[in-house]
Amino acid sequence: MSKELIRLADISMAYDGEVVLNNINLYINDSEFLTLLGPSGCGKTTTLQIIGGFVKPTAGSVLFDGVRINDIPPHKRQVNTVFQRYALFPHLDVYDNIAFGLRIAKLGEDEIARRVTEMLEVVGMKGFEERKTDSLSGGQQQRIAIARALVNRPKVLLLDEPLGALDLRLRKDMQVELKRIQQQMGITFIFVTHDQEEALTMSDTIVVMDKGEIQQIGTPEDIYNEPKNAFVADFIGESNILDGIMRADRLVEFFGRRFPCVDEGFAKDEAVDVVIRPEDVDIVPADGGHLCGTVTSVTFKGVHYDIIVDFHGFKWLIQTTDYQPVGAVIGIRLNPEDIHIMKRSKYSGMFGDYSSYSAEYDEIGDAALAGESEEQEEGE
Amino acid sequence: MKRQFLSGPYLVWMLLFTLIPLAIVVYYAFTDSVTGAFTIRNMASMGAYLPIFLRSIWLAVVSALICLVLGYPVAWCIAQTKPLTQRFLYMLVMLPMCISFLLRTLAWVSLLEDTGIVNRLLGQLGIGPLRLVRNDGAVILGMVYNYLPYMIMPLYTVIMKIDPRLVDAAQDLGCDGGQVFLRVTLPLSVPGIVSGITMVFVPAVSTFYISQKMGGTTSTMIGDVIESQFKTAYNPNLGAALSLVLMILVLVCVAVMNHFTGEDESVATI
Amino acid sequence: MKKASKVVTVLVFVFLYVPMLVLMIGSFNSSSDLVVFKSFTMDNYRALFADGVLLPLLLNSLIISVIASLASTVLGTAATLGIHRMGKRMRRFTMFLTNIPMTNPEIVTGVSLALLFAFAGQLMKIKSILGFWTLLIAHITFNLPYVILSVQPKLTQMDPNLTKAAMDLGCTPVQAFFKVVLHEILPGIISGALMAFTMSLDDFVISYFVYGPNFVTLPVEIYNYTKKPLHPKIYALFTLLFLAILAVMLLMNILQARDTARQRNSRQKARAGQPTV
């Protein structure tokens with residue numbers, strides 16, 4: 001990657017004594033697509049607002065190109081923002097919305113017209129100049145909000161859950177579209193979302209946050225394949241997380257059996273968290289596997305089945321394309337590269353048990369999450 | 001982003017011209033009109049005005065209830081019409097409030113006088129002349145006439161906000177028209193009813209012009225007494241004491257009304 | 001049930017408008033008695049315009065209403081912006097202050113201001129402090145809550161990100177207000193100002209306690225007139241005011257109706273535009 005553009009050094013933030021960010025350290029490179037990912041209340045939006053200049057951190061420094069910018073107000077920063085629910089100006093039409101920042105900067109009308117037209121082309125909205133913003137669909141408003149920010153040629157574009165208000169289909173289209181625009185413009189995007197799939201699809205770098213702290217920074221592949229703790233493993237994709245003991249390098253014990261694995265560098269007999277992704281498990285006949293269990297529930301998911309398998313009272317989620325009826329006794333095989341070992345953390349034991357699993361459970365959880373994030377916005 | 005200072009001038013203004021004046025009312029109420037010394041004589045004399053206070057409250061309560069009975073069907077009917085008609089009818093309700101209530105009240109006097117228009121019409125039918133003015137009934141009529149719009153407006157606002165699907169749901173669950181009204185529409189109108197009653201009661205209990213013009217010699221209301229302390233009898237200390245009691249009375253009534261709806265915000269904000 | 005309420009509604013409107021009709025008919029009556037209609041005449045209108053008293057009083061009322069409503073609109077809008085930023089406790093206190101003149105009987109507000117001015121007059125050793133300034137102060141005071149209560153909902157409905165977006169695009173906070181926020185809350189400001197203006201124009205009770213002999217408003221003088229038989233030129237004035245207010249209200253209605261129709265249209269367009277993306 002190219003050179004460092006933004007650095008957050010020891011940033012902490014508290015509202016009325018309540019800590020929302022705790023000692024955040026992060027650097028962001030030029031032309032990078034970086035995603036701040038986490039559940040509502042994890043501090044990701046606050047982090048974005050600190051970079052945008054809408055919130056002043058209680059401690060630490062924000063550096064831009066090596067210069068401390070803590071005290072520079074938002075209108076003097078070389079960053080622009082795409083806001084939640086777009087925040088298009090209702091009294092202005094599409095053209096005037098995009099031209100807004102250029103007019104504040106007192107550019108000539110010829111120059112403004114040229115740049116607005118250029119931007120409308122980039123976001124694929126040519127011909128919409130005269131439209132009122134409230135006559136546009138969600139996806140169209142989204143594009144205008146991006147154009148309005150990018151037309152000012154910022155060095156960094158901040159996007160605060162910009163796809164949250166779109167339906168699933170449109171959201172997937174916009175993910176591709178955003179990535180394309182970022183590559184075309186060649187600038188840094190800092191993207192905030194609670195949707196792990198969105199983060200995995202678009203980002204160069206993902207920053208996973210929870211409870212005001214950074215849990216892991218890495219490429220999408222790193223984050224998915226090498227989660228650092230139970231929180232990350234559970235938040236990104238589905239995971240079965242078990243208690244294990246590292247008997248030696250590349251040898252882990254759980255369920256009273258030893259399995260070869262690929263991780264090393266742990267102390268001998270160190271207690272660890274073992275992550276097994278549901279799609280990595282191979283199903284074999286009952287007598288041919290490492291472990292043997294009973295299917296307790298089956299849910300059809302389209303591409304695959306989610307099946308819950310009971311191993312000695314501990315329930316695993318396994319994803320398989322082969323149908324297994326409830327009550328079937330099956331065996332599983334685990335290859336060394338399918339077993340991922342993590343250090344113990346404060347999240348150990350909180351995630352990765354599917355004993356109370358139901359197909360609706362996730363959706364209910366998501367709905368509650370969405371509701372919370374709404375409330376949080378109002379509060380800020 | 002500290003922009004609270006924008007409220008500074010307003011807060012200073014309200015302090016100077018709302019809070020301090022009320023403090024001065026209290027000060028006057030407890031001082032002697034001649035010597036300026038502290039006294040509770042003004043407040044002690046309130047007992048003599050008790051019948052007038054009671055009559056004022058009585059007349060205001062009756063007026064508020066009549067306004068409710070008349071205003072509810074009007075508000076409901078307006079809410080049932082097409083949006084454009086609603087706008088127009090609502091305007092017709094508001095319009096009288098914008099034009100001199102003194103003259104409009106006077107017009108009632110000429111309508112109801114012994115030799116007035118109504119009595120002339122009745123006379124042609126061989127009835128009367130009836131004594132229609134200079135009694136408590138006329139005062140109530142005058143107050144209902146003047147303050148009815150204050151009742152209709154909040155009622156209309158509240159009825160408009162009732163989700164029509166709730167009425168559908170009630171019907172779906174087996175309510176007939178009357179039950180829908182009693183079990184859904186009316187309970188949901190309570191905030192508007194409370195607000196309307198307050199908005200009629202407060203000006204009605206403190207009025208002084210209507211009772212002077214339409215009332216008889218025994219129809220004196222507390223507003224008349226206060227007015228006379230300032231304009232004719234010139235005893236501002238007694239007037240301040242009466243005002244203080246009136247204010248407390250109104251505040252208590254408003255608080256009680258608010259308690260009914262379980263809202264702690266003042267209804268005046270509706 | 002429905003029929004009964006329709007009948008009540010019609011009767012209520014008759015009840016509300018008959019007295020005004022009586023006054024209007026009186027304005028064309030050659031007799032000064034409202035009760036007896038003698039013959040049709042325009043003399044009352046001629047007398048009104050020849051009269052040197054009523055029209056200047058109306059002018060006084062207009063001057064007070066215009067200045068008071070403008071001042072309270074500016075002061076009230078600024079206050080609302082500040083209240084929006086306040087913490088819970090401060091906001092509660094401010095709204096409590098705002099509600100005092102709204103909840104208090106007008107006569108108490110009038111009396112309290114009269115006492116304040118009397119007190120101030122004593123302090124400043126001015127004999128007749130009552131006049132233009134005391135009227136103006138009183139009117140601004142009772143107008144302020146109306147402005148605040150009408151601007152406040154617009155401000156809370158506004159997406160708070162709009163202000164941030166404006167600053168993000170290079171506006172200073174002041175620019176952000178004039179270029180964005182003002183447009184959003186303008187309907188609230190206008191309706192607050194109009195409400196303040198009409199309240200001011202028609203106020204009698206509070207004005208009655210704070211006016212001085214040098215500056216009298218129309219409603220106060222009408223009260224003084226009504227103690228003796230009225231000259232019918234007052235009915236002529238009433239009729240003209242009625243028509244003027246009716247015209248203003250109709251105009252506002254048409255503007256509002258057009259505004260909502262436009263909003264509905266654009267929403268329909270939005271729905272039609274959705275499948276194209």
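Reader: How do you know whether chain A and chain B are joined or apart?
Author: This is a predicted model, in which local features need pLDDT of at least 70, side-chain atom pairs count only at pLDDT 80 or more, and totals for chains, interfaces and linings use all residues. Residues are numbered from 1 along each chain as its sequence is written, while chains are lettered from A and ligands numbered from 1 in the order in which they are written. Two residues are in contact if their C-beta atoms, placed from the backbone, lie within 7 Å. No contact joins chain A and chain B, and their closest C-alpha atoms lie 9 Å apart.

Reader: Which pair of chains has the most contacts?
Author: Two pairs of chains touch, and the most contacts are between chains B and C. Chain B contributes 66 residues and chain C 64 residues. On the side of chain B that touches chain C, α1(B) gives the most, with 13 residues.

Reader: What makes up that side of chain B by residue class?
Author: It divides into 48 nonpolar, 15 polar and three charged residues. Here Ala, Val, Leu, Ile, Met, Phe, Trp, Tyr, Cys and Pro count as nonpolar, Asp, Glu, Lys and Arg as charged, and the others, Gly among them, as polar.

Reader: Why is α4(A) called largely enclosed?
Author: A residue is buried if 20 or more other C-beta atoms lie within 10 Å of its own, with C-beta atoms placed from the backbone. Because 12 of the 13 residues of α4(A) are buried, the helix is largely enclosed by the rest of the structure. Among the buried residues are A:R143, A:I144 and A:R148.

Reader: What is the span of α4(A) set against?
Author: Helices (H or I, at least four residues) and strands (E, at least two) are DSSP runs, numbered from the N terminus. The expected span is 1.5 Å times one less than the number of residues. Helix α4(A), residues 138-150, has 13 residues and reaches 18 Å from its first C-alpha to its last, close to the 18 Å expected.

Reader: How do you know which strands pair with β16(A)?
Author: Two strands pair if DSSP finds at least two bridges between them. β16(A) and β17(A) have six bridges, in the antiparallel sense, and A:V298 stands opposite A:I307. β16(A) and β19(A) are also antiparallel, over four bridges, with A:G293 opposite A:I330.
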